[in-house]
Amino acid sequence: MVLGLGAAGCGAEKGGGSTAVDAPGSEVAARTAPATTPTPTPKSPAQRPLTQDQLERAVVDKRDLPGLQVSRLGAGTDGFGDGTVSALPAEATRPASCAPVSSAVSGGASRYAPVGSVTRMGQTKDGTSTFHLVSYRAADAVRVMDELRSALATCTTYTAKSPTDTTFEHLRSAGDPHQGDEGVSFRLDVVSSSPVGDDDPIRMLQSFQVIRSGSTVAVFSAFDTDAHRVKRVPAALVTAQMKVLGTGGHRS
């Protein structure tokens, strides 16, 4: 723009006429001209689906949260571990309308095929949480959240085979987390039969935060065997992990 104005000024001096700046009405036109809209740029590298290798490098560690201890859960050979997440069949959940909640509870999966997944346990001074990171194609990640949110609006109790019949009761919202691109939080009571055949079932209270960052859906959970006590997911762990995902993961 500076070069253009300079060229216009030189031409005016040769011809003896006024420059574009001196022309009548030019000052008003300059003030009223619409501002140029900048071309939008991608929000972050995390908007692109992370591969399995990239997802494993995006797991939070001590560099991000001092004092954090992260443990792998499963080796992937028994259907539990990195790269093995899969959704429960819809018919395994009764009623089927609760299937998106059941899939989230069982490991962050959905009916959409994931690009990659990791499963970890994180321990901080504030508590312990199991968490799953599941990478999807961009449109699928949005659908996962939409379907989960819709199911949470109507689902209060359901039964799922995992692998035996387990009942999930008193499902209730716990407020949306202010992390990532969007998220939901909820709590429920897990009621299962006693392994020793007692009449009294085992009841646990579980808390969940499900947050999308770009194409990755992160599911954090914490539980307490006292159904009347709220065990919260460590906030520092969630914040640190979502920050790593927001930057696309560690470079090494």
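**View 1. The single disulfide of the predicted model.** One disulfide (a pair of cysteine sulfur atoms within 2.5 Å) turns up in a search of the whole structure. The bond links Cys98 and Cys155, with an S to S distance of 2.1 Å. The link of Cys98 and Cys155 is right-handed, at 110° about the S-S bond. Because Cys98 sits in the loop between β2 (93-94) and α4 (99-105), and Cys155 in the loop between α5 (138-154) and β5, the pair ties together parts that are 57 residues apart in sequence. Helices (H or I, at least four residues) and strands (E, at least two) are DSSP runs, numbered from the N terminus.

**View 2. Burial of the cysteines.** Cys98 and Cys155 are both buried (under 20% relative accessible area; exposed is over 50%, partly exposed in between; 1.4 Å probe, protein chains only).

**View 3. The ring pair of Tyr158 and Phe168.** Three aromatic pairs are counted (rings of Phe, Tyr and Trp, the last by its six-membered ring, with centres within 6.5 Å; planes under 30 degrees apart are stacked, over 60 edge-to-face, the rest tilted). Tyr158 and Phe168 are stacked, because their ring centres are 4.6 Å apart and their planes at 15°. Tyr158 belongs to strand β5 (residues 158-161) and Phe168 to strand β6 (residues 165-173), so this pair ties together parts ten residues apart in sequence. Tyr158 is buried at 1% relative accessibility, and Phe168 is buried at 6% relative accessible area.

**Notes.** Residues are numbered from 1 along each chain as its sequence is written, and side-chain values use heavy atoms, without hydrogens and water. In this predicted model, local features need pLDDT of at least 70 and side-chain atom pairs count only at pLDDT 80 or more, while totals for chains, interfaces and linings use all residues.
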